[in-house]
Every structure is written in C-alpha cells, then in structure tokens.
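Work through these exercises with the model open. Try each task before reading its solution.

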Amino acid sequence: MAFISNLSAPSLFWTVNSILVFIVCVLSAGVLIPQILLISFRRNLFDTPDERKIHQGVVPRLGGIAFKPVVFFSVALLLGVCQLLGYGDMLNGIVSEGRPLAFGFCSIMVLYLVGSIRYRAKFVVQIACGLMLIAGGLWLDNLHGLFLIYNISAWVGWPLTVLAVVFIINAINLIDGIDGLASGLCGVAMLFYGVIFLMVHEYIYAMLAFATLGVLVPFFCYNVFGDAKRGRKIFMGDTGSLTIGMMLCILSLEVCRSFSEDTSAGLPNAFVLAYSPLIIPCFDVVRVYLHRVRNGKNPFLPDKNHIHHKLLAIGMRQRTVMIAIVSVSVFLTLCNILLSTCISVTQLLLADILIWTAANIWLTRKINRTNKKP
C-alpha cells in the first residue's frame, strides 16, 4: 500500500516501462524459441538421455541462447522508443548506473559466449566475471547484521563477492535437473527483485528483473508443457543457467547495496531480501557438495542426490516435484522477508538451515524405508 500511495509520475513511468519490457520479452522469446527448436532438429543438436537424466527421448538444450539477446534487445528497444517520444528518464537511469551495468553486461556476455566448457575452465571464467562486477562497483561491503557484521572492508568484501558469484551461478546451474525447476525458481526470484527495485526506486534494475522474467515465461511453457515427441520441448542448457545465474548475482548484489538499513522503520533486512529467493538452490548445492566430499567423491561430478532427485525417489511425479519446490521457495521467501522486520538475519539463517536439514533427513529416511520394502 505504501508503494501504491507513493506512486509518483517517475515511478509510474518506470512501472509502465517494466510492464512493457516484460511483454516485449515474452513475445520476442515466444518467437525465437521455436526457431531455435527448428535449427536444433536440423543440426541434430540434442541432449540425449542417460542413466542420470530423467527425460525420455532427444530434447534440444539450446533454450538459453535466447535469454541474453532477448533481454538486451527489449531494454534497448524501450530505450529507443522513449528517446523517440522525448522521454529521457530511461537514458538518465542507465547513465547513472553506467559503470555497474557496463561491467555486468560484459560478465553476462562472457558467460553467454563460453557456454558449455569443462568445470575447471568454467570456474576461472566465473571468477573473472566476479572481478568484473567488483570493477563495476557491485560488491559486498555490508552484511547487514549477518553474524553481527555490518560494514566490511574491500579486502574482505572483494573475495567474498567473488565467492558469492561463483556459488550462486553454480547453484542455479546444478538445480536445473527437472522440467521447469530452474526457470520456475529463477522466475520467482526475478519477480521478487523486480517489485523490490520498484519500491526502492532502482528502476533500471527493476526493468532488468522484469525483462528476465519475461524471457523465462515462454521458455517455462516450452520446457514444462512442450511435447518432446512433437519437437516442442527444449532445455535451457548451461548457457541459459549460467547467464540467468549471473543476472541473479547482479540483482542480489544491487539489493544489498541499495536497500535502506533503517531497521527502526520496520523495513525488511537487505541481506534477507537479496538472498531469500535463492535459498533452495544455494542450500541444495551446499548439501550435495558436502555429501559428495563425505563419501569420497569428486564434488564437481554430477550425481542424483539433489533435492528433486530425493522427491522423485519417494514416488512424486516430476511436475509435482517442480510445483512443490517452487511453492516452498515462495513460502520461505515471504516468511523470511516478513520475519526479518522483527528477527535478526542470523537467527533467520539458522532457522532456515535447521528446516532444510530436517526436511532432508526426513526425505532420506523415507527413501530408505521405500527401498527396504519388498
């Protein structure tokens, strides 16, 4: 209600543009994805099933190729239209954030170009992308009370930022295991970030969030509801998950940088706002890595120990698993944001870890009981 009551002319302008960029992205991706499908079948560019993968039949995995061009095209188109009509607000907004946007777009471009490479080289590229964000001025200089830590020096914040970038990108990449899961979780995160940025008047980032949401919507439809037998199904692939992960890094760091620290006003904690939408992929990748190390396996080699694999193992259908995980993500995000006005961020983090741990212990026991049945 506070946002609606304070809706001034500039915020109305940016809200309309955010809606328009969302629509343009939906339409553009809706046109481009079928063309990618057509090229994939002509060139035999498929993701073939194996013992670890869940899908049946050959499915193109080039959906992520559409993400970056559509987002950049849509934002550029709206910028040009606004200039044509004599509205300079969007250009002024881009210029004011020119340095972080320039380096952020370069980092997305690098990940888009490298695509599927070996994990060692992938880590090097991701570290380079983290350094580019730091060069753009986007880095963690404040933990907003996490473990009672607030302002931190550059010597601590810079390596922590690189670690966070690599961590988030890989978390998104690894959660992409069943239809609609990665795109659903990322779409929810983009919606939350878009609304947050509109409320704090960081309008250009709101546009980027809604543009990315717009490109994820048609992909989600093809990924979840497309028929592989008719050649209408597609996966995002590493190119898609890496670039979307990078966009989430940019937006989450900007939330930490731009949101007010005035807790006396009853505002949510900035750290909670930034990383609550990413809880499930981030918690899942930590648990999986620890499980692999504990069992003497290479933590960077794939297995079937992710949360969606566990839910499938107890007999849930793939689409039910996706809906359940995305719904839990929305619920946890809303709860964390509401509770952060009265509970410290450290207490919330510990509570989230306890809930996640308890849920995984319950799932493991249920899987073991299921396997013991004759």
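A disulfide is a pair of cysteine sulfur atoms within 2.5 Å. This is a predicted model, in which local features need pLDDT of at least 70 and side-chain atom pairs count only at pLDDT 80 or more, while totals for chains, interfaces and linings use all residues. Residues are numbered from 1 along each chain as its sequence is written, and side-chain values use heavy atoms, with hydrogens and water left out.

**Exercise 1. Cysteines**

Find how many disulfides the structure holds, and explain the state of Cys-82.

Solution. 
- Step 1. Apply the cut-off: the count comes to zero disulfides.
- Step 2. Check Cys-82. Its closest cysteine sulfur belongs to Cys-25 and is 14 Å away, so the gap is too far for a bond.
- Step 3. Buried means under 20% relative accessible area, exposed means over 50%, and partly exposed lies in between (1.4 Å probe, protein chains only). Cys-82 has 5% and is therefore buried. Cys-221 has 36% and is therefore partly exposed.

**Exercise 2. The nonpolar core**

Identify the residues that touch the most other members of the largest nonpolar core.

Solution. 
- Step 1. Set the rule. A nonpolar core is a set of buried Ala, Val, Leu, Ile, Met, Phe, Trp, Tyr and Cys residues joined through side-chain atoms within 4.5 Å.
- Step 2. The largest core has 104 residues, and Tyr-193, Met-246, Leu-248 and Tyr-275 touch the most other members.
- Step 3. Find the main contributor. Helix α9 (residues 203-225) gives the most to this core, with 15 residues. Helices here are DSSP runs (H or I, at least four residues), numbered from the N terminus.
- Step 4. Look for a separate core. Another one, of five residues, lies apart; Phe-123, Ile-134, Trp-139 and Val-166 are among them.
- Step 5. Contact means heavy atoms within 4.5 Å. Neighbours within four places in sequence aside, Leu-248 is in contact with Ile-168, Ile-172, Cys-186, Ala-189, Met-190, Tyr-193 and Leu-278.

**Exercise 3. Salt bridges**

Solution. 
- Step 1. Set the rule. A salt bridge is a side-chain nitrogen of Lys or Arg within 4 Å of a carboxyl oxygen of Asp or Glu.
- Step 2. Take the pair. Lys-233 is in the loop between α9 and α10 (237-258), and Asp-179 is in the loop between α7 (154-175) and α8 (181-199), so the bridge ties together parts 54 residues apart in sequence.
- Step 3. Check burial. Lys-233 is buried at 9%. Asp-179 is buried at 14%.

**Exercise 4. Bridges within a helix**

Explain the sequence spacing of Glu-254 and Arg-257, and of Asp-284 and Arg-287.

Solution. 
- Step 1. Glu-254 and Arg-257 form a salt bridge of 2.7 Å, N to O. They sit three residues apart in helix α10, so about one helical turn separates them.
- Step 2. Compare the ends of this bridge. Glu-254 is buried at 1%, whereas Arg-257 is partly exposed at 34%.
- Step 3. Asp-284 and Arg-287 form a salt bridge of 3.1 Å, N to O. They are three residues apart in helix α12 (residues 279-294), so about one helical turn separates them too.
- Step 4. Asp-284 is buried at 1%. Arg-287 is buried at 16%.
- Step 5. Look for shared partners. Salt bridges join Glu-97, Glu-254 and Arg-257 into one network.

**Exercise 5. Inside and outside**

Is Ser-329 buried or exposed? Is Val-95 buried or exposed?

Solution. 
- Step 1. Ser-329 lies in helix α14 (residues 318-339). Its relative accessibility is 3%, so Ser-329 is buried.
- Step 2. Beyond neighbours within four places in sequence, Ser-329 is in contact with Leu-185, Pro-277 and Ile-280.
- Step 3. Val-95 lies in helix α4 (residues 89-96). Its relative accessibility is 60%, so Val-95 is exposed.

How values were computed. Helices (H or I, at least four residues) and strands (E, at least two) are DSSP runs, numbered from the N terminus.
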